[in-house]
Amino acid sequence: MNPPDPALLAINTATLGEKRNLRREIDALRRHNIRGIAPWRDEVAETGAKDAARMIRDNGLVVTGFVRAGFFPAADRNGRRAAIDDNRRAIDDAATLGARCLVVVAGGLPAESKDLPGAREMVRDGVGEILDHARSSGVPLAIEPLHPMYCADRACVNTMKQALDLCDELAGRDGAGIGVAVDVYHLWWDPELESQIVRAGEKRLLAFHICDWLVPTTDLLLDRGMMGDGVIDIPLIRSWMEAAGYRGMHEAEIFSKNNWWKREPDEVLGMCRARHQTVC
Ligand code: ZN
């Protein structure tokens, strides 16, 4: 496997720590000649989407994904309605930013509920309700399956197959405007990963997120590894993505409270740059 094109490296801003600031992040990416960014809603809300879009554009950055929408299941009708409204606002801001996709994290079980099939129906209905708005806004919805350990509290869509079934059900077999974000952290263990990437094809492969799975992992959420420090065969998964037609960027997304978040952004970005060329 040849090293990837260095120009394809993008950074999910959560890689740079908990206290985020878009201006500072953009300056840091510039110092490292990194051309792709996946910003979060809270930091974009701080400046407003229009100003954020201008800053991003002025620096020649591609928005690989806007993070994030979803979280559809709720205990009552009002809660579900509020989630739909919030998703619509996220679509509007993603359109303003010119994002390649809006990352959709399904949401888990409503409070006090044990009804997993019911939660999954709420996700299907919720995505179905926002799909038209996303299409007319030119914002593809990228459903991101999360590792099953997050099924209760973050996402009850946990495999590529589930996500692609949802795409097919809502949009038809070849319907546009909806697809998946492939995050190696969530999907590396899945025996069906290769066949489901083939099934997804170019049209449904909207994003590629990279980091590594550490052994042992000490925190379910905030102990992701730098590429190369864990057990994921990233070049193999990248080869499947490319064979299926994916030509987008490679977005480093590393939540690492006790390691990378304690380091200076320049050190983290320098390491991302190096590891992208050597182990991805
Ligand atoms: Zn991800």
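Biologist: Why is Arg238 called buried?
Modeller: Its relative accessible area is 4%. Buried means under 20%, exposed over 50%, and partly exposed in between, with a 1.4 Å probe and protein chains only. So Arg238 is buried. Glu242, at 26%, therefore counts as partly exposed.

Biologist: What makes Glu242 and Arg238 a salt bridge?
Modeller: The definition asks for a side-chain nitrogen of Lys or Arg within 4 Å of a carboxyl oxygen of Asp or Glu. Their N to O value is 2.8 Å, so the pair meets the definition. The two are four residues apart in helix H9 (residues 234–243), about one helical turn. Helices are DSSP runs of H or I with at least four residues, strands runs of E with at least two, numbered from the N terminus.

Biologist: How far can I trust such pairs?
Modeller: This is a predicted model: local features need pLDDT of at least 70, side-chain atom pairs count only at pLDDT 80 or more, and totals for chains, interfaces and linings use all residues. Residues are numbered from 1 along each chain as its sequence is written, and side-chain values use heavy atoms, without hydrogens and water.

Biologist: Why does Arg23 count as partly exposed?
Modeller: Its relative accessibility is 37%, so it counts as partly exposed. Arg23 forms a salt bridge with Asp27, the closest N and O atoms being 3.2 Å apart. Asp27 is also partly exposed, at 31%.

Biologist: How many salt bridges are found in the whole structure?
Modeller: The search finds 20.
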